[in-house]
Amino acid sequence: MRTMISRFDIQKNIVYIAFFVAVFFFALTLGDKFLSITNVLNITRQTAMISIMAVSMTFVIATGQIDLSIGSIAALASLIVALMLQSTGSIVLSVSVGLGFGMLTGALNGILITALGVPAFLVTLGMMGIIKGLAMWITATTAIPISIDDYNLIFGLGKVFGVPILFLWTLVALAIGLFIMNYTTFGKKALAVGGNEAAARYSGVNVRNVKIIAMTMSGFTAAFAGILYSGRMQAGRFTFGEGDELTVIAAVILGGTSLFGGTANVFGAVVGSLLIGIINNGLILGGLTVSQQMIVRGIIVILATALGTRRLFFGKKKPIR
């Protein structure tokens, strides 16, 4: 028993510990208001977009990169789809164009990072500003309503046997992410690139392609998150996804992925997203103001980063390996 306890890696499992502590705390302090089926389903709906983006962000961070443009991509994708639906009425065409925009933007991020040698932080920060400006410009900051009921049901408001469709989309993204990470050569290459880029290159891994694919995946899921935002809110808005990049990164790091790459946990990233959603929900039910909620979220980001660098509690400066 003592051996089992000594072998238990607290940092590796911190997200699961924090998850159960948060649930226990809010259940104890808020009671049925927190534990009601309606509230639990509401948490799954609210965290769906963050969870889905966290799945692909896990691959980005596993390669040692970062993507700050996902929130803006989600916003512009929602507007593109809304405008396409208004002009064509075709759900398939509109969604395809929205997802294509996300993939192209993600690929462009990856190409700029690898071709110019510019850090991902700066490239995606610049892309975030460009896309945000475009989203505000083409719509004059007004919302674009979506009146096609089938679209809103499939991508936001629908349920399957009482389960919110947004939660089911999350499970689909999680299953795909777990498969790619654990059963494909790309997953292994992503970890190799993040763990030691030079060694991966000498081993025959095309580092450039791995980074571009990871960024493309990130752009794709960000666009899909924007589609889900628009389906849930029945409109496209330039404000969708604001601040999501920090929340997604925090969820991924909390979930056990190293901020320096080389280690990844797709399932942990989704649990980290749910943990943040539970904390947000508990704070709202507890009566905290928006500003107070922002403070708590900021603290979570700092804690997540500290855990990612393994400096908190353990006194070590090496990244997780």
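Is asparagine 109 buried or exposed? Asparagine 109 counts as buried, because its relative accessibility is 0%. Keep in mind that this is a predicted model. Here's a quick tour, starting with that residue and moving on to the cores, a helix and a pocket.

**Asparagine 109**
- You'll find asparagine 109 in helix α6, which covers residues 91-116.
- Its side chain makes a polar contact with the side chain of serine 69, at 3.1 Å.
- Leaving out residues up to four places away in sequence, asparagine 109 touches Asp67, Ser69, Val123, Thr124, Met127 and Met215.

**The nonpolar cores**
- The largest nonpolar core has 68 residues, and Met57, Tyr151 and Val248 are the ones that touch the most other members.
- Take valine 248: setting aside neighbours within four places in sequence, it's in contact with Ile50, Met53, Ala54, Met57 and Ile70.
- Another core lies apart from this one, with 17 residues that include Leu30, Phe34, Ile276 and Ile279.
- As a general pattern, nonpolar side chains in soluble globular proteins tend to be buried together.

**Helix α12**
- Of the 27 residues in α12, 21 are buried, so the helix is largely enclosed by the rest of the structure.
- Its length checks out too: at 1.5 Å a residue, α12 should span 39 Å, and its end C-alpha atoms are 39 Å apart.

**Valine 252**
- Valine 252 sits in helix α13.
- With 0% relative accessibility, valine 252 counts as buried.
- Not counting residues up to four places away in sequence, valine 252 touches Ala54, Met57, Thr58, Ile61, Thr257 and Ala269.
- Glycine 272 is 20 residues away from valine 252 along the chain, yet their C-alpha atoms are separated by 6.5 Å.

**The largest pocket**
- The largest pocket has a volume of about 780 Å³.
- It's lined by 26 residues, and Glu242, Asp244, Thr247, Asn280 and Arg297 lie nearest its centre.
- The elements that give two or more residues to the lining are α4 (37-62), α12, α13 (244-254), α14 (266-285) and α15 (290-308).
- Among the contributors, α15 gives the most to the lining of the largest pocket, with 6 residues.

Technical notes:
Residues numbered from 1 in each chain as written. Predicted model: local features only at pLDDT ≥ 70, side-chain atom pairs only at ≥ 80, totals over all residues. Heavy atoms only, no water. Core = buried A, V, L, I, M, F, W, Y, C linked by side-chain atoms within 4.5 Å. Buried < 20%, exposed > 50% of the residue type's maximum accessible area, 1.4 Å probe, protein only. Contact = heavy atoms within 4.5 Å. Helix = DSSP H or I, 4+ residues; strand = E, 2+ residues; numbered from the N terminus. Polar contact = N/O pair within 3.5 Å; in protein donor to acceptor, adjacent residues only side chain to side chain. Expected span 1.5 Å × (residues − 1). 1 Å grid on protein atoms, 1.4 Å probe; cavity = no way out; pocket = protein on both sides within 12 Å on 5 of 7 lines; lining within 4 Å. Points joined across faces, edges and corners; volume = space filled by probe spheres on them.
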